[in-house]
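Me: Hi! I have a model open on my screen and would like to talk it through. Can you help me find my way around?

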Amino acid sequence: MRAPLQPDIDGWQLLPRPQFVGGNSVRLLQGGDELFPAMCEAMAGAQREIWLATYIFQDDTAGRAVADALLAAAQRGVAVRVVLDGFGSKDTLRKLRQWLAHESVELVVFRPIDRWWAWFQPGQLRRLHQKLCAVDDEVAFVGGINVIDDRFDQNHGVCDAPRLDFAVELRGPVAQPVSHTAHAMWARATLGSSWRHEVRALARSARPVHTTLRLLRELSINPEAAVLDETLLPVPVGFVVRDNLRQRRAIEHVYIAAIRKARHRVEIMCPYFYPGRAFRRVLRQAADRGVQVRLLLQGKVDYRFAGLAARVLYEELLAHGVRIFEYTPAFLHAKVAVVDDDWATVGSSNIDPLSLLLNLEANAVIHDPAFAAELRQRFDDCAAVSREITAPPVAKGWRRWASRGFVAWTANLYLRLAGAAGRY
């Protein structure tokens with residue numbers, strides 16, 4: 001058998017470019033009620049290191065449980081590295097530093113906003129929006145769930161129903177690039193003189209991994225491999241990040257490529273939905289060729305402008321047969337999608353300009369029929385308790401076009417202020 005392929009490495013991160021690696025197990029987790037116990041269990045088994053990167057780390061009961069697990073690992077001698085976004089976690093940093101006060105814990109802040117003039121520093125509109133946890137390069141968690149209680153919202157307080165959100169637990173080779181990305185975010189936040197060297201060292205030490213193409217080739221030319229028990233076959237998973245350097249539109253391109261090839265169904269669950277021209281075009285084209293396209297968006301709106309931004313596109317999408325549902329039982333925060341019978345993604349990226357052009361994001365893409373079926377069933381369950389939109393909810397006539405023009409102008413202005421380039 002030929003030697004395994006080495007990761008494709010170059011550029012700023014010196015991390016593997018988006019590729020699929022096999023030999024993984026994947027578990028879907030819904031909400032913090034399922035994620036945090038799984039994370040804490042993995043932390044309890046840590047031997048060497050834990051990396052955690054998140055936008056919000058709240059000082060509530062859920063946050064305290066995760067902090068206690070991190071501290072317990074540190075007390076056993078495990079190296080614990082935590083990077084938090086300076087905006088998302090700005091109100092809880094003082095408490096978190098107290099909770100995580102230990103010599104084996106290093107907590108850093110990505111683009112802190114600790115002074116009023118910090119707002120005027122370059123890049124402050126580009127936030128760390130990833131939600132990553134990696135333990136010993138062996139298990140990782142990727143998704144859209146912040147470290148915050150499911151029944152608490154920072155803007156609306158205590159909620160009657162838990163927030164709808166998802167993450168995945170990944171075990172296998174794909175845990176390594178997740179660890180490396182969290183390390184790169186932590187090193188970048190420190191702004192130390194050696195952070196480039198640290199990332200290069202991580203990349204050089206990466207273990208060889210198989211790509212999906214090589215796995216498929218081996219199965220096709222090796223009769224013995226082709227008759228293996230299906231339960232032993234690897235689950236191919238791709239870890240895709242969006243940064244402001246080499247992979248500026250990686251997540252958007254992964255979505256568009258999958259939708260362009262769709263034959264039966266495209267199902268997207270996302271709270272903040274304002275896709276660009278290319279994304280809307282492939283959705284329309286998919287629906288026009290008979291693909292069932294369904295969108296599950298927020299019906300309980302947390303930010304009015306975000307709700308308006310999605311709704312000004314309803315008329316265009318409905319005209320092409322796209323079905324739109326609004327989730328009303330609770331706040332929707334999930335960023336997941338299923339295409340056909342074997343492609344699914346779970347991550348932190350919304351389908352809006354902030355996620356696709358500005359913020360640092362991370363998604364896991366899974367090629368597995370069983371996982372896709374499970375996620376599709378969750379979509380069906382949520383759609384069943386949602387309201388389907390059959391007519392545009394935005395005012396008719398010139399008011400509708402004025403609303404669409406206002407959203408487009410505002411989004412364009414924000415992107416320019418943030419320094420984004422290119423068409424959206």
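Reply: Happy to; we can go from the overall picture to a few single residues.

Me: Great. What kind of model is it, to begin with?
Reply: This is a predicted model.

Me: OK. How many helices and strands are there in the protein?
Reply: The protein has 14 helices and 17 strands.

Me: And what share of the residues is buried?
Reply: Of the 424 residues in the protein, 56% are buried. As for contacts with a separation of 6 or more, 80% of them are between residues 24 or more positions apart.

Me: Let's look at the inside. How many residues are in the largest nonpolar core, and which have the most contacts inside it?
Reply: That core has 50 residues, and Val83 and Met269 are the ones with the most contacts inside it. Helix H4, residues 175-190, gives the largest share of this core, with eight residues.

Me: What does Met269 touch?
Reply: Leaving out residues up to four places away in sequence, Met269 touches Leu164, Phe166, Leu296, Leu332, Ala334, Lys335, Val336, Phe379 and Cys382. There is also a second, separate core of 45 residues, with Ala250, Tyr255, Cys270 and Val365 among them.

Me: Now Glu326. Where is it, and is it buried or exposed?
Reply: Glu326 lies in strand S13, residues 323-327. Its relative accessibility is 2%, so Glu326 counts as buried.

Me: What is around Glu326?
Reply: Beyond neighbours within four places in sequence, Glu326 is in contact with Leu297, Gln298, Gly299, Arg311, Tyr314, Ser386, Arg387 and Ile389. With Arg387 there is a side-chain to side-chain polar contact of 2.8 Å. Val301 is 25 residues from Glu326 along the chain, and their C-alpha atoms are separated by 9.7 Å.

Me: How about Asn146, where is that one found?
Reply: Asn146 is in the loop between strand S6 (139-143) and strand S7 (152-153). Asn146 is buried, with a relative accessible area of 7%.

Me: What does the side chain of Asn146 reach?
Reply: It reaches the backbone nitrogen of Ile56, at 3.0 Å. Not counting residues up to four places away in sequence, Asn146 touches Phe36, Thr54, Tyr55, Ile56, Lys131 and His333.

Me: Last topic, backbone angles. What is phi of Arg111 and of Asp136?
Reply: Phi is near 50° for Arg111 and near 55° for Asp136. Both values are positive, in residues other than glycine.

Me: Why point those out?
Reply: Because most residues other than glycine have a negative phi.

Definitions and conventions
Residues numbered from 1 in each chain as written. Predicted model: local features only at pLDDT ≥ 70, side-chain atom pairs only at ≥ 80, totals over all residues. Heavy atoms only, no water. Core = buried A, V, L, I, M, F, W, Y, C linked by side-chain atoms within 4.5 Å. Buried < 20%, exposed > 50% of the residue type's maximum accessible area, 1.4 Å probe, protein only. Helix = DSSP H or I, 4+ residues; strand = E, 2+ residues; numbered from the N terminus. Contact = heavy atoms within 4.5 Å. Polar contact = N/O pair within 3.5 Å; in protein donor to acceptor, adjacent residues only side chain to side chain.
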